[in-house]
Amino acid sequence: MESDKTSIVVTDNDKGIEEKIMSQIFIPCYTTKKNGSGIGLSLSKRILKK
């Protein structure tokens, strides 16, 4: 049944993720931001796997 399924839709209204760093974005503490912790995507991936 379709009603038993959960959907997540992700949109990006910026330039997106550069291809050259795509393989690194889920590594804990990896960031491209000067004041970033780099924990966001790796934590999100871990939560979604559970």
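**Side-chain contacts and overall form**

A salt bridge links Glu18 and Lys20, with their closest N and O atoms 3.7 Å apart. The structure is a predicted model, and the count of salt bridges in it comes to one.

With a relative accessible area of 39%, Ile17 is partly exposed. Together with Met22, Phe26 and Leu41, Ile17 makes a nonpolar surface patch of about 330 Å². Phe26 also takes part in a contact with a charged side chain: the charged end of Lys45 sits over the Phe26 ring, at 4.9 Å from the ring centre. Aromatic pairs number zero in a search of the whole structure.

The secondary structure of the protein consists of one helix and zero strands. The radius of gyration is 14 Å, well over the 10 Å given by the globule rule for 50 residues, so the protein is more spread out than a compact globule. The C-alpha trace spans about 45 × 25 × 20 Å along its principal axes. Of the 50 residues, 8% count as buried. The protein exposes about 5,100 Å², of which 54% is supplied by carbon and sulfur atoms.

Technical notes
Residues numbered from 1 in each chain as written. Predicted model: local features only at pLDDT ≥ 70, side-chain atom pairs only at ≥ 80, totals over all residues. Heavy atoms only, no water. Patch = residues over 30% accessible without salt bridge, like charges linked within 9 Å, V, L, I, M, F, W, Y side chains within 5 Å. Areas by Shrake-Rupley, 256 points an atom, 1.4 Å probe, with all protein chains shown as cover. Salt bridge = Lys/Arg side-chain N within 4 Å of Asp/Glu carboxyl O. Buried < 20%, exposed > 50% of the residue type's maximum accessible area, 1.4 Å probe, protein only. Phe/Tyr/Trp six-rings, centres within 6.5 Å; stacked < 30°, edge-to-face > 60°. Lys NZ or Arg CZ within 6 Å of the ring centre and 35° of its normal. Helix = DSSP H or I, 4+ residues; strand = E, 2+ residues; numbered from the N terminus. Rg over C-alpha atoms; globule rule 2.2 N^0.38 Å.
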